[in-house]
Amino acid sequence: MKNILIISASPRRGGNSDMLCDAFMKGALEAGHHVEKVALREKSIHPCLGCEACQNTHVCVQKDDMAAMLDAFAAADVIVMATPVYFYTLCAQMKTFIDRTLPIYTTLSGKEFYFIATAADGNRAALARTIEAFRGFTDCLEDAREQGVLLAPGVWKKGDVAGSDAIEQALIMGRNA
């Protein structure tokens with residue numbers, strides 16, 4: 001059994017990337033894993049101040065919901081990061097989350113990662129920048145292992161991803177996590 005943390009950056013409850021997170025979670029639960037899904041839209045996470053105080057203490061000076069998120073991130077074996085694509089990259093919620101991992105990023109080792117991205121643009125190549133942004137983050141972690149990437153292009157309106165192949169792919173990825 002693995003401890004799986006799903007981070008949904010969708011600002012819309014039931015948005016396309018959020019629905020793919022739910023499908024991944026369903027598959028992972030069916031496989032017997034412990035799964036926690038966190039919706040960043042429900043958290044108060046402020047941007048990094050760049051003060052570097054955390055470099056020595058491994059604790060951020062800001063008092064918001066990020067401290068609990070860092071604990072969950074550190075405890076997870078598998079991390080699923082899902083974002084809608086805005087202007088061909090990560091949405092602000094995901095980027096803020098990534099930036100705020102600074103207090104612990106040097107202590108993380110051996111995590112498995114899955115990346116999920118949804119976009120209105122129907123061209124799968126348009127999602128490449130977003131996946132490279134995720135990889136830029138995991139390149140900074142020790143022994144991070146990319147286990148899967150799920151791209152869902154051509155989904156703009158809330159719920160467009162329902163009934164698509166991407167839902168089944170997310171379910172399968174979750175089962176195989």
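Which residues of helix α5 (residues 128-138) are buried? The model is predicted: local features need pLDDT of at least 70 and side-chain atom pairs count only at pLDDT 80 or more, while totals for chains, interfaces and linings use all residues. Residues are numbered from 1 along each chain as its sequence is written, and side-chain values use heavy atoms, without hydrogens and water.

**View 1. Buried residues of helix α5.** Thr130, Ile131, Phe134, Phe137 and Thr138 are buried (under 20% relative accessible area, with exposed over 50% and partly exposed in between; 1.4 Å probe, protein chains only). Helices (H or I, at least four residues) and strands (E, at least two) are DSSP runs, numbered from the N terminus. Seen down the axis, the buried residues of α5 fall within an arc of 110°, so they line one face of the helix (the arc is that of the directions from the helix axis to the C-beta atoms).

**View 2. Helix α6 (residues 165-176).** Buried here are Ala166, Ala170, Leu171, Met173 and Gly174. They lie on the same side of α6, because they cover an arc of only 160° around the axis. Asp165 and Asn176, on the other side, are exposed. The buried residues of α6 pack against α1 (16-30), β5 (112-119) and β6 (145-153) (contact: heavy atoms within 4.5 Å).

**View 3. The lining of the largest cavity.** A cavity is a set of points on a 1 Å grid over the protein atoms alone where a 1.4 Å probe fits but cannot get out; lining residues have an atom within 4 Å of a point. Of the 13 lining residues, Cys48, Leu49, Cys51, Cys54 and Cys60 are the closest to the centre of the largest cavity.

Terms used. On a 1 Å grid over the protein atoms alone, a cavity is a set of points where a 1.4 Å probe fits but cannot get out, and a pocket is an open set with protein on both sides within 12 Å along at least five of seven lines; lining residues have an atom within 4 Å of a point. Ala, Val, Leu, Ile, Met, Phe, Trp, Tyr, Cys and Pro count as nonpolar, Asp, Glu, Lys and Arg as charged, and the others, Gly among them, as polar. The expected span of a helix is 1.5 Å times one less than its number of residues.
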